[in-house]
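Try each one yourself before reading the solution.

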Amino acid sequence: MAITPIDLQTIFSQVDKVGRTQVAQKEGQALSQSIQGNEIQRKTDENIRQVNEAQDLGDGTDKVRDRDQKQNSGSRNDKRKQEEKENEEKKSVLRDPVLGNKIDISL
């Protein structure tokens with residue numbers, strides 16, 4: 001099937017429209033990418049400025065408290081022993097009695 005001069009006239013008149021359509025599509029894609037990029041940047045900036053809420057820890061902390069309460073609910077001797085150990089640890093650290101009593105403001 002051969003192309004006649006009438007067909008060529010029709011094709012040449014439509015080439016301009018096709019070119020405009022392709023340019024519009026390319027610009028539309030670039031514009032949509034730019035808009036999406038700006039939206040992502042805006043959301044990121046907003047998330048950075050916001051204070052995040054603490055996540056719900058669920059039963060995890062309660063379990064630890066229960067375990068600590070069970071251990072501490074033993075005999076009173078255990079508590080006394082723990083207090084004695086803490087006191088011994090405090091005493092074992094050497095401290096200067098003068099340290100922290102005076103402030104030197106000389107230049």
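This is a predicted model: local features need pLDDT of at least 70, side-chain atom pairs count only at pLDDT 80 or more; totals for chains, interfaces and linings use all residues.

**Exercise 1.** Work out which elements the chain has and what share of its residues count as buried.

*Solution.* Start with the elements: there are three helices and zero strands. Going from the N terminus, the order reads α-α-α. Now for burial, where the cut-off is under 20% relative accessible area. Of the 107 residues, 0% count as buried. The accessible surface comes to about 11,100 Å², with 52% of that belonging to carbon and sulfur atoms.

**Exercise 2.** Find the salt-bridge partner of Asp16 and say how the two are placed in the helix.

*Solution.* The partner is Arg20, with the closest N and O atoms 2.9 Å apart. Next, check the spacing: both sit in helix α1 (residues 5-49), four residues apart, so about one helical turn separates them. Asp16 is partly exposed at 43% relative accessible area, while Arg20 counts as exposed at 56%.

**Exercise 3.** Trace the network of salt bridges that includes Arg42.

*Solution.* Take one link at a time. Glu39 pairs with Arg42, the closest N and O atoms being 2.5 Å apart; these two lie three residues apart in helix α1, about one turn. Arg42 also pairs with Glu46, at 3.2 Å between the closest N and O atoms, and here the spacing in helix α1 is four residues, again about one turn. Put together, Glu39, Arg42 and Glu46 form a linked network.

Key:
Residues are numbered from 1 along each chain as its sequence is written. Side-chain values use heavy atoms; hydrogens and water are left out. Buried means under 20% relative accessible area, exposed over 50%, partly exposed in between (1.4 Å probe, protein chains only). Accessible areas come from the Shrake-Rupley method with a 1.4 Å probe; for residues, only the protein chains shown count as cover. A salt bridge is a side-chain nitrogen of Lys or Arg within 4 Å of a carboxyl oxygen of Asp or Glu.
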